[in-house]
Amino acid sequence: MLCFTFIAYVLIRKEALSPTVKFHMQHTNSLFANLIKKTSIIIILCIFAITSGCSKNEPTSRYSQATEAATALNNKFANVISTIDKIIDHAKRIYKKELPQDTDWSKTYRYFDTSVFYKPYDDGLCEVWASGKIPIGKKERQNIIRLEPLQTTLKQAVTDNDAIEQAYILTKNHIALYYPFLSGISLFDPLIDFNTSFFPFSSVTPSQNPERKGRWIEPYLDATGKGYVASYSAPFYVENTFEGAVGIDIVLDKLGASILPQDAPLMLLSTESIPVAVTATLHALTGLEALAPVYYLEKIKKDAFVSSDKRLVLNQNPNLRTLGRKILEGRSEFSQTLGHQKYYVVSVPIPVINWHVVLLTPIS
């Protein structure tokens, strides 16, 4: 830039010289004059190229952190779906086997209050818990024993996937196997109905899911004490008969902390415009908050959806409503004012789950 300024100064001074001096410069210093002109052109072209390069690279740099996070999350969520498919395949193979003998079950299981049937200790595998909604007799005990080999598959689903907090199977007879072990007796009341208590089950029953496909469940408050989670659940059928649901839970505050770089102004937004995770940097800039940690002061009897006022599109702040609406409409780049600051917004979709990673950069 200094060189360009100096050359411009020389050229201006040249124009200000007397005709005689200009004549001598043209004839005695023609080589120098030509060099000056060529150098000026080169410098101008370089400045244009650099400026053009910056304008092309700016969107790339804005996108990079958001796209990297979105790609990482998409891969994790895709891996979740393939994991569920493997569990279902194993469950179907188990259900096609003959029922085992109803012997020696008392070494592993107990009855509680004459209705609940459960495993009373942690053996490093799953908790097995039957609510008693359907009385647990000989046939149900045989079904539970038949499902025991599935425990290692559920455990592997969690240990091999850092995004998965819990994996489970919930049967139509109100029997649950889940890993890691959590005491069912301390968590659940006897005789609970899976249809009204657990979203991962009720969301994929034949009446709610006639297409028989796996579903992502929007953030909700988990009944087992994990706080806010998102779940993926899929039905499994044996010989065209609905037998239950296989699902996994993802704890949202852990997910955001592990994927989103905290030094970038990023947000993870759900399908219903719920801020699932907000980095410390974005919170400091905008005051936006993710779903807060939950402290279970009393037992929650069933899963509960997030309050609707947590959705950006229903927020009392009109600017936040506009932000949420534009993102859900599919706008990938736009400007948005929040408070007294204008931001350049980049929204990158996560196709597997239809969520978004959102980057908000202050505009000077």
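User: Among contacts with a separation of 6 or more, what share joins residues 24 or more positions apart?

Analyst: This is a predicted model in which local features need pLDDT of at least 70, side-chain atom pairs count only at pLDDT 80 or more, and totals for chains, interfaces and linings use all residues. Residues are numbered from 1 along each chain as its sequence is written, and side-chain values use heavy atoms, with hydrogens and water left out. Taking a contact as heavy atoms within 4.5 Å, the share of such contacts in the protein that joins residues 24 or more positions apart is 57%.

User: What is the mean pLDDT of the protein, and over which residues is the pLDDT below 50?

Analyst: pLDDT is the predictor's confidence in each residue, from 0 to 100; its mean here is 84, and 82% of the residues reach 70 or more. Where pLDDT is low, the predicted coordinates should not be read in detail. The values below 50 cover residues 1-33, a stretch with 19 contacts beyond near neighbours in sequence, and also residues 35-59.

User: Which strands stand at the edges of the five-stranded open sheet?

Analyst: Strands (E, at least two residues) and helices (H or I, at least four) are DSSP runs numbered from the N terminus, and two strands pair if DSSP finds at least two bridges between them. The order in this antiparallel sheet is β10-β9-β14-β13-β12. Each edge strand has a single partner, so one side of it is left without a neighbour in the sheet, and these strands are β10 (275-278) and β12 (333-338).

User: Which residue in β14 is the bridge partner of Leu269?

Analyst: Strand β9 (residues 266-269) pairs with strand β14 (residues 355-362) in the antiparallel sense, over four bridges. Within β14, the bridge partner of Leu269 is His356.

User: Which residues of α11 are buried, and against which strands do they pack?

Analyst: Helix α11 (residues 318-328) packs on the sheet. Counting as buried what has under 20% relative accessible area (exposed is over 50%, partly exposed in between, with a 1.4 Å probe and protein chains only), the buried residues of α11 are Leu320, Leu323, Gly324, Lys326 and Ile327. They cover an arc of only 165° around the axis, judged by the directions from the helix axis to the C-beta atoms, which puts them on the same side of α11. The strands they pack against are β9, β12, β13 and β14.

User: Which residue caps the N-terminal end of α11?

Analyst: At this end of α11, a side-chain oxygen of the capping residue lies 2.8 Å from the backbone nitrogen of Asn319. The residue that provides this cap is Asn317.

How values were computed:
Axes are lines fitted to C-alpha atoms, for helices over the stretch in contact, and angles run from 0 to 180 degrees between N-to-C directions. A polar contact is a pair of N or O atoms within 3.5 Å; within protein, one must be able to donate a hydrogen and the other to accept it, and residues adjacent in sequence count only if both atoms are side-chain atoms.
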